[in-house]
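Q: I'd like a close look at one part of this model, and then how that part sits in the rest. Here is what I have open.

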Amino acid sequence: MSSSTATESRLAATALWVSTAARLVLGGVFLVAGGLKVIDPQSSVAAVRAYRLLPVSVATLVGWGLPFAEIALGLLLLAGIATRVVADAAAVLLIVFIAAVLSAAVRGLSIDCGCFGGGGDVAPGQTAYGTEIVRDVGLLLLAAWLMWQPRSRFSLDRLTTRHLTEASR
Amino acid sequence: MSSAKKVDGAKNGGGANRVGGDKKVSSPKNMNARERARLAAEQAAARKRERRILIMVIAAFVVIVVAGGIAFQAWRTSRAPSSVSSVSASASPVTVTNGRPIPLGSAEAPVTITLYEDFHCPHCAEFEEQFGSTITQAQDAGSARVELYPMAFIDEGSLTAANAMACAAEAGFGQAYYLGLFANHTLQWSDPQLIDLATKVGGSPTEAFRTCVTRRAHADWVTSVNAAADTNGVDQTPTMLINGKEVDIATLTPEALKTMIKDAAQK
């Protein structure tokens, strides 16, 4: 990168750190969200069923499996393995979450999103759809950033691509 | 996205030059255009292949984790209940009356603790973990009795457990069964699990109890206490009242609860 100016390389260095933070925050949130749900399969299933979008048998599988998917993605993000691919998957998942919460709000359901455990029906007026959607959109932005700038510090990706990145520094 | 490609292009270009330099003794400068193009195409293909393998490995990893997770949860919710030890409150059989809660503990106890709980509500399980022993102690000491409204709004397991709770109270081991239900709250509460639990908590699953569980003998009663809870203005579980006064569970500590029960007994 002999052609890049000093400003450009400074920007690249900043992007590297922004990506590192985005990766760790997104991975941490996914890991915690999955971990909190995995300990209580009943309420995880109940949380999925509360959306009234899936038949019972499918909701059961989602309630059992989704927390593990979140944990898997969280671990991959924290380790920094295949960051771009994992960020793609995380973005898809977050879009599904946002759509589900939106649909609950539109249909006038009174439910807790069950994003971090718990979930299920709540009293009318106890819903927090706005907060839940804003939080998910924020996480989606982090995922989008990582899709654009997947390179970051302290990642296993870096070990495997060192010979390339080293040459560019 | 277009700028991302540009960045990648620049990066890969740098890498390609270097790899090219490593492979051949000659420097990239000495390569002719066709050689360079061929090398670049080869490397692009290799990168594409690597990327495809990477995606497959990641997908396989996630699928295995999720499938394993589903199998694990299926096992966790369908296994046999664990036994609950040191259940001391021995209750006599109670009569189940429509619209009325299940009484647990001495009828002469000065303090009445009213509980609205769903056996599959996660916050109820947390509540039980935090305050269950304090309440049990008060029951054992004869200072408090519990009036239990088992709610059934989470899933089928809530209903089958609430029904079985009534069956157990009728059979005379309600208190132990109550603790057993919460100690095993991750179970889905199939009929065999509910019958098994009776043994595990030291009760005896008589033929009457089995039939009561499998036939959902108290399903109407469950509906009636849920309606009663509605009438009483209860819209969330767990809800606890001490001598008819609602307690704010969110800020409660076991110590504070102990004091509350003691104070209520002296009034």
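In which helix of chain A is the place of A:V32?

A: A:V32 belongs to helix α1 of chain A, residues 6-38. Some housekeeping before going on: this is a predicted model, where local features need pLDDT of at least 70 and side-chain atom pairs count only at pLDDT 80 or more, while totals for chains, interfaces and linings use all residues. Residues are numbered from 1 along each chain as its sequence is written, and chains are lettered from A and ligands numbered from 1 in the order in which they are written.

Back to A:V32: it counts as partly exposed because it has 15 C-beta neighbours inside 10 Å. On that scale, 20 or more other C-beta atoms within 10 Å means buried, 12 or fewer means exposed, and partly exposed is in between, with C-beta atoms placed from the backbone. A:C115 sits 83 residues from A:V32 in sequence, yet the two are 10.0 Å apart in space, C-alpha to C-alpha.

Now the chain around that helix. Chain A has 7 helices and 2 strands, in the order α-α-α-α-β-β-α-α-α from the N terminus. Both kinds of element are DSSP runs numbered from the N terminus: helices are H or I with at least four residues, strands are E with at least two. The C-alpha atoms fill a box of roughly 60 × 25 × 20 Å along the principal axes. Of the 169 residues in chain A, 43% are buried. Looking at contacts between residues at least 6 apart in sequence, 74% join residues at least 24 apart; a contact here means C-beta atoms, placed from the backbone, within 7 Å.

For another spot in chain A, take A:A59 in helix α3, residues 56-79. A:A59 counts as buried because it has 21 C-beta neighbours inside 10 Å. Not counting residues up to four places away in sequence, A:A59 touches A:V45, A:V48, A:R49 and A:L54. A:V48 is 11 residues away from A:A59 in sequence and 5.8 Å away in space, C-alpha to C-alpha.

Next, a helix pair. Helices α4 (residues 83-106) and α5 (residues 129-148) of chain A have axes that come within 9 Å and cross at roughly 160°. Axes are lines fitted to C-alpha atoms, for helices over the stretch in contact, and angles run from 0 to 180 degrees between N-to-C directions. That angle is why α4(A) and α5(A) are roughly antiparallel to each other, a label for angles over 145 degrees, with under 35 counting as roughly parallel, 65 to 115 as roughly perpendicular and the rest as oblique. Residues of the α4(A)–α5(A) contact divide into 20 nonpolar, 1 polar and 4 charged. Nonpolar covers Ala, Val, Leu, Ile, Met, Phe, Trp, Tyr, Cys and Pro, charged covers Asp, Glu, Lys and Arg, and the others, Gly among them, are polar.

Finally, the partner chain: 29 residues of chain B are in contact with 27 residues of chain A. On the chain B side, the elements giving two or more residues are α1 (2-23) and α2 (33-78), and the largest share, 13 residues, comes from α2(B). That side of chain B divides into 14 nonpolar, 10 polar and 5 charged residues.

Definitions and conventions. Two residues are in contact if their C-beta atoms, placed from the backbone, lie within 7 Å.
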